[in-house]
Amino acid sequence: MSASSTRETGFGPGVWSAACTVDDLLVAYEPGPTDGAGLDVGPGWKRRWTTTWCLDGAELVCPVAELEGVPVGRTRPVRGFSWHPRQGHRPGLELLVSTGRLHGFESLEERRFLRAADFAGSVRDVLSQPFRLRYRASGRTRTHIPDYLVVTRGGRWLVDVRPLHLVKDVDRPGFAAAAELARLVGWQYSVVAGWRPHVSGAIEALRAEARPMSHLLDLQERMVSVLADGAMPFGDLVRATPYPVMARAHALHLLWHRRIGVDLAEPLGDGSVVALAGGAPR
């Protein structure tokens with residue numbers, strides 16, 4: 001967890017929204033010592049393991065040794081999404097503020113990840129179901145399709161989303177293989193298994209006002225000016241404007257776009273202390 005985004009509260013470590021990364025928000029699956037025990041990473045494995053991408057409508061098969069040459073920006077999901085009655089998951093499309101495009105998800109947990117990455121991930125692009133990894137483990141050829149490849153300002157991030165209680169033994173070799181691939185090419189890899197308390201609810205509330213907003217009443221600049229004198233509770237901030245009801249929406253907009261900040265580790269409400277982005281209260 002990045003030190004710049006955390007601070008001490010009366011209830012333990014907090015998460016300052018104006019500086020946090022997605023790593024500060026999520027709970028990652030921690031692989032066990034035997035997860036990757038059967039992986040074939042002997043001499044020549046970088047050419048035996050392959051990735052299959054969908055590029056310009058055709059399949060591109062690339063050994064992991066040559067992965068850095070794949071034009072990721074031109075690829076499409078290697079597997080499509082389907083909708084049918086009585087299915088056990090909830091797929092859909094999510095419009096991300098950071099990319100201005102729709103991105104697929106196959107479950108509500110994946111949608112939570114997309115929204116958190118949109119808020120805190122420095123996202124430039126997101127590719128759902130980016131490639132099919134074919135690898136060897138325990139003497140068998142296996143396949144694994146990661147959930148997302150996220151292109152951020154800091155690099156590339158390979159992601160699987162699986163709630164901790166749904167991680168099965170059959171999943172572990174695929175996670176270990178994806179982690180091995182990521183290490184090889186210098187990507188970050190995470191299995192998102194959950195979220196810190198209160199984070200998902202707060203991001204949902206902020207996202208509701210992420211859209212562009214009219215500035216005719218100058219409410220946002222009024223609130224920024226008020227906070228220049230110091231941090232204060234959210235409720236007091238909106239009441240310091242001529243139109244508190246409208247100011248609530250604008251304050252959430254400022255929080256989403258990180259002009260002001262709040263502790264995401266606590267429930268978001270009128271008593272939540274807010275401050276300018278560079279002035280997290282201590």
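Visitor: How do the residues of the lining of the largest pocket divide into nonpolar, polar and charged?

Guide: Quick note before we start: this is a predicted model, where local features need pLDDT of at least 70 and side-chain atom pairs count only at pLDDT 80 or more, while totals for chains, interfaces and linings use all residues. Residues are numbered from 1 along each chain as its sequence is written, and side-chain values use heavy atoms, with hydrogens and water left out. Now the classes: Ala, Val, Leu, Ile, Met, Phe, Trp, Tyr, Cys and Pro count as nonpolar, Asp, Glu, Lys and Arg as charged, and the others, Gly among them, as polar. Here the lining has 12 nonpolar, four polar and six charged residues.

Visitor: What is the volume of the largest pocket, and which residues lie nearest its centre?

Guide: Rolling a probe the size of a water molecule over the atoms shows where empty space is left. On a 1 Å grid over the protein atoms alone, using a 1.4 Å probe, a pocket is an open set of points with protein on both sides within 12 Å along at least five of seven lines; lining residues have an atom within 4 Å of a point. The largest pocket has about 340 Å³. Its lining counts 22 residues, with Pro 31, Phe 175, Ala 179, Arg 183 and Tyr 189 nearest the centre. Helix H4 (172-185) is among the elements that give two or more residues, and H4 gives the most, seven.

Visitor: What about the second largest pocket: how much space lies there?

Guide: About 280 Å³. Of its 18 lining residues, Thr 75, Arg 101, Asp 125, Val 126 and Leu 127 are closest to the centre. Strand S9 (123-128) is one of the strands supplying at least two, and S9 gives the most, with four. By class, this lining has nine nonpolar, five polar and four charged residues.

Visitor: At what angle do helix H6 and helix H8 pack?

Guide: Axes are lines fitted to C-alpha atoms over the stretch in contact, and angles run from 0 to 180 degrees between N-to-C directions. H6 (residues 219-227) and H8 (residues 244-256) pack at about 70°, with axes 9 Å apart. Angles of 65 to 115 degrees count as roughly perpendicular, so H6 and H8 are roughly perpendicular to each other. Contact means heavy atoms within 4.5 Å; Leu 219 and Met 223 are among the H6 residues that meet H8, whose side includes Met 246 and Leu 254. That contact has seven nonpolar, three polar and no charged residues.

Terms used
Grid points are joined across faces, edges and corners, and a volume is the space filled by probe spheres set on the points. Angles under 35 degrees count as roughly parallel, over 145 as roughly antiparallel, 65 to 115 as roughly perpendicular and the rest as oblique.
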